[in-house]
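Please consult the sequence and the structure shown here.

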Amino acid sequence: MNPYQDLLKVGSNEQKRARFCKEAVEKFMASEDYKLAAAVMVAEILWFTYFYRMSMKQFGGVTGDLAGYYVTTSELVAVIVLAVMCVW
């Protein structure tokens with residue numbers, strides 16, 4: 001049985017998608033999957049360590065452009081870890 005089966009209710013396609021995404025995120029955030037949270041935290045700590053050392057070595061510090069790069073890539077790291085952990 002699909003746990004998200006009850007999320008698709010009567011309404012327009014846009015409403016169904018919005019409701020599904022909202023409720024799926026709420027269920028995910030409410031779940032107590034500590035392995036998943038730990039994996040994301042470890043990956044983010046490792047990514048921050050690499051980013052900080054690289055920016056200090058190559059640029060002499062963190063600039064605004066590098067900070068934007070860090071935010072974007074850290075989100076990408078989190079998504080990749082979540083995808084790998086959910087499939088694995």
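In this predicted model, 39% of the contacts in the protein chain between residues at least 6 apart in sequence join residues at least 24 apart. The protein chain holds three helices and zero strands, in the order α-α-α from the N terminus on. Of its 88 residues, 22% count as buried. The accessible surface of the chain amounts to about 7,100 Å², and carbon and sulfur atoms account for 67% of that area.

One feature of this surface is a nonpolar patch of about 360 Å², made by Phe48, Tyr52, Met56 and Val62. Phe48 belongs to helix α2 (residues 34-59) and is partly exposed, with a relative accessibility of 41%. Tyr52 is also partly exposed, at 38% relative accessible area.

| Pair | Geometry | Centre to centre | Angle between planes |
|---|---|---|---|
| Phe48 and Tyr52 | stacked | 6.1 Å | 25 degrees |
| Phe48 and Tyr70 | edge-to-face | 5.7 Å | 80 degrees |

Phe48 and Tyr52 are four residues apart in helix α2, so about one helical turn separates them. Tyr70 has a relative accessible area of 19% and is buried.

Ring pairs also link these residues into a cluster, made up of Trp47, Phe48, Tyr50, Phe51, Tyr52, Tyr69 and Tyr70.

Definitions and conventions
Residues numbered from 1 in each chain as written. Predicted model: local features only at pLDDT ≥ 70, side-chain atom pairs only at ≥ 80, totals over all residues. Heavy atoms only, no water. Helix = DSSP H or I, 4+ residues; strand = E, 2+ residues; numbered from the N terminus. Buried < 20%, exposed > 50% of the residue type's maximum accessible area, 1.4 Å probe, protein only. Contact = heavy atoms within 4.5 Å. Areas by Shrake-Rupley, 256 points an atom, 1.4 Å probe, with all protein chains shown as cover. Patch = residues over 30% accessible without salt bridge, like charges linked within 9 Å, V, L, I, M, F, W, Y side chains within 5 Å. Salt bridge = Lys/Arg side-chain N within 4 Å of Asp/Glu carboxyl O. Phe/Tyr/Trp six-rings, centres within 6.5 Å; stacked < 30°, edge-to-face > 60°.
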